[in-house]
Amino acid sequence: MGLGALGSTIAETLVRAGIGSLIAVDRDIVEFSNLHRQGLYQESDAAQRLPKALAAERRLRAMNASVTIEAHVTDFRADNAEEIFSGCDCILDGTDSFETRYLVNDLAVSTSTPWIYGACVAATGMTATIIPQVTPCLTCLFPDPPPPGAGETCDTAGIIAPAAQIVAALQVTECLKLLSGDQNALRPGLLSFELWPFRLIEIGTKDPKPRHDCQTCVRLEFPFLEGDRETEGIVLCGRDSVQIRPPAQGELDLKAVAARLETQGKVSVTKIVLNFETEGLAMTLFKDGRALIRGTTDPAVARQFFGRFVGS
Ligand SMILES: [Zn+2]
């Protein structure tokens, strides 16, 4: 799931290990700013603005012809989630979007498929192995998605490649244990680290169990999979702009978001809205998390811009 920094390392390691069959999904194109951490791509891919899934598929096939590779250039959404991942033995998280992770969690729990959460930004990382009904799921760990703009993204805070490589290495190790049938060897709990300065934290490692009132793995409600909480990207005809309405509710701290965007482009903020311009696109971000992206009529471009600079 995702072929960015985590997904590149995960996919390469699994394909070289002879995983058998790999399904990869990514909606983005290769950019020059990706190359320091996304080892599947090279400068010519960025120059051609190739979709990551296509560039990755080509490289992965050349690494190990015995592995079946199926790559999808698409936005992973409620209406295609089940079809893409039907029959998978394990899902590895390489996305940078909390909304997508809750969708994966809904899918994984509803189909009893193990999945391995992973996240990284700056010099930090986090991972957890989720076995539905056995270990805490994502909703057990974080009952609600953080509101957009609540944290740093790789575009606002940067990222060093080793942070991603460590998370990906931990995820692949758990995947290999799962696929070889050695569930007893799985690492329990949530692991989080900072590399610079170094600090390692493990939470809930002693007999972790699902939370008794969890909406997902106990009450078996799947709002993300049913599409009830999906981001709406609505094209506003004739105005060259797209509205993004994030699923999470809550008030944004626009000043904090503005502070993170200062080095990324032109930003101004009032009590009600934040205006931000960079790379030929302009965004107006409202206190309730809604955003208007001007300069495009393509929902995928607008969603990508929103994800990079606000987080989703
Ligand atoms: Zn749960």
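**Exercise 1. Which charged end sits over the ring of F98?**

Solution. It is that of R101, 5.0 Å from the ring centre. The criterion: NZ of Lys or CZ of Arg within 6 Å of the ring centre and within 35 degrees of the ring normal.

The model is predicted; local features need pLDDT of at least 70, side-chain atom pairs count only at pLDDT 80 or more, and totals for chains, interfaces and linings use all residues. Residues are numbered from 1 along each chain as its sequence is written, and side-chain values use heavy atoms, with hydrogens and water left out.

**Exercise 2. Classify the ring pair of F98 and F142.**

Solution.
- Step 1. Rings of Phe, Tyr and Trp (its six-membered ring) pair if their centres lie within 6.5 Å; planes under 30 degrees apart are stacked, over 60 edge-to-face, the rest tilted.
- Step 2. The structure holds nine aromatic pairs. In the pair of F98 and F142, the centres are 6.2 Å apart and the planes stand at 90 degrees, so it is edge-to-face.
- Step 3. F98 lies in helix α5 (residues 98–110) and F142 in the loop between α6 (138–141) and α7 (154–157), so the pair ties together parts 44 residues apart in sequence. Helices are DSSP runs (H or I, at least four residues), numbered from the N terminus.
- Step 4. Ring pairs link F98, Y102, W115, Y117, F142 and F224 into a cluster.

**Exercise 3. Is F98 buried or exposed?**

Solution. Buried means under 20% relative accessible area, exposed over 50%, partly exposed in between (1.4 Å probe, protein chains only). F98 has 17%, so F98 is buried. F142, at 23%, is partly exposed.

Technical notes: Helix = DSSP H or I, 4+ residues; strand = E, 2+ residues; numbered from the N terminus.
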